[in-house]
Amino acid sequence: MKVTRSCGMRWVAALCSVLVIQTARSDTMVLCVGDSITKGYGVSIPYPTRLTSNTGYQTVNAGKGGARCSFGLSVIDSLLAQYNPLNVLIMYGTNDAYDPDQNLSASADVVIQIAQHVRSYGAYPVIGTIPPMVGPQANNNSRVRTYNGYLRSRAAANGFTIADIEAAFGSGSGLFQSDGFHPNDSGMEIIARTFAPKVQILSLSPSSVQVGYVGAFGQSFSVTTPRSWTATALQPWITITSGNSGTGNGTVTFNVAAQTGPARSGTIRVTSGSFSRDFT
């Protein structure tokens, strides 16, 4: 949230006080929610820690052993408030699929609700399918496939990104602990590498600037992202002079025309894939 107070008369514009209230956010924060697989049961390094090692992104592991999809929905708002993440990786459903009495269609609907809460909060959700089951749990694979099918179709219908963990595991051979449904360290590495390219990191520094009524020339801000991006001025009195687009980290330079009326606010929007951040 941003609140700006400024004076309307040009001759005192440079002396006006500005009050800025901005919620702190780590632009590399990735919140990982799920069950004991996310938590890292039985492994030396869980997938959220591996994600940090592979990408450098800051991650928080909010996995909880035994959690079902309904638990995820009950805690997602408090987790969003606590960690204020930019991305949320969601992987619930193994415990739902393990229970033969659980309605898997309803479970998938709950995961979509979790993602909707994340999106409404302003963060970027990524839904992970659940891994297959092997060995003593292989008889549950039909339920795993059914559940993941629901997830894929409903995520697509709602415009959510899927990280297809099940597909990345293939048969699952050599990727599980002896219980047949908790991934081992090799499996955890696959989960981390499957989620990694789905994360949307886009950071602007600074995120805003206050200029005088006479305008400004050669102002700039930096863009931090591993992906390609474009910058667009949303008002005609803002002109981007360099850095309209790029791949990887870069700089946007712009001019602001002189002010001829009341105080005003404008935006340069930087977009990378389906994600965008605003410079004010």
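**View 1. How much of the protein is buried.** Of the 280 residues in this protein, 48% are buried. Keep in mind that you're looking at a predicted model. The accessible surface comes to about 12,600 Å², and carbon and sulfur atoms hold 51% of that area.

**View 2. The fold at a glance.** Here we have 8 helices and 13 strands. Take the contacts between residues with a separation of 6 or more: 70% of them link residues 24 or more positions apart.

**View 3. Inside the largest nonpolar core.** This core takes in 75 residues, with Ile-90 and Ile-127 making the most contacts inside it. Helix 5, residues 104-121, supplies the largest share of this core, at 8 residues.

**View 4. Zooming in on Ile-90.** Skip the neighbours within four places in sequence, and Ile-90 still touches quite a list of residues.

**View 5. His-117 on helix 5.** His-117 sits in helix 5.

**View 6. What His-117 touches.** Beyond its neighbours within four places in sequence, His-117 makes contact with Leu-73, Ile-76, Asp-77 and Leu-80. Look at Asp-77 in particular: it is 40 residues away from His-117 along the chain, yet their C-alpha atoms are separated by 7.2 Å.

Key:
Residues numbered from 1 in each chain as written. Predicted model: local features only at pLDDT ≥ 70, side-chain atom pairs only at ≥ 80, totals over all residues. Heavy atoms only, no water. Core = buried A, V, L, I, M, F, W, Y, C linked by side-chain atoms within 4.5 Å. Buried < 20%, exposed > 50% of the residue type's maximum accessible area, 1.4 Å probe, protein only. Helix = DSSP H or I, 4+ residues; strand = E, 2+ residues; numbered from the N terminus. Contact = heavy atoms within 4.5 Å. Areas by Shrake-Rupley, 256 points an atom, 1.4 Å probe, with all protein chains shown as cover.
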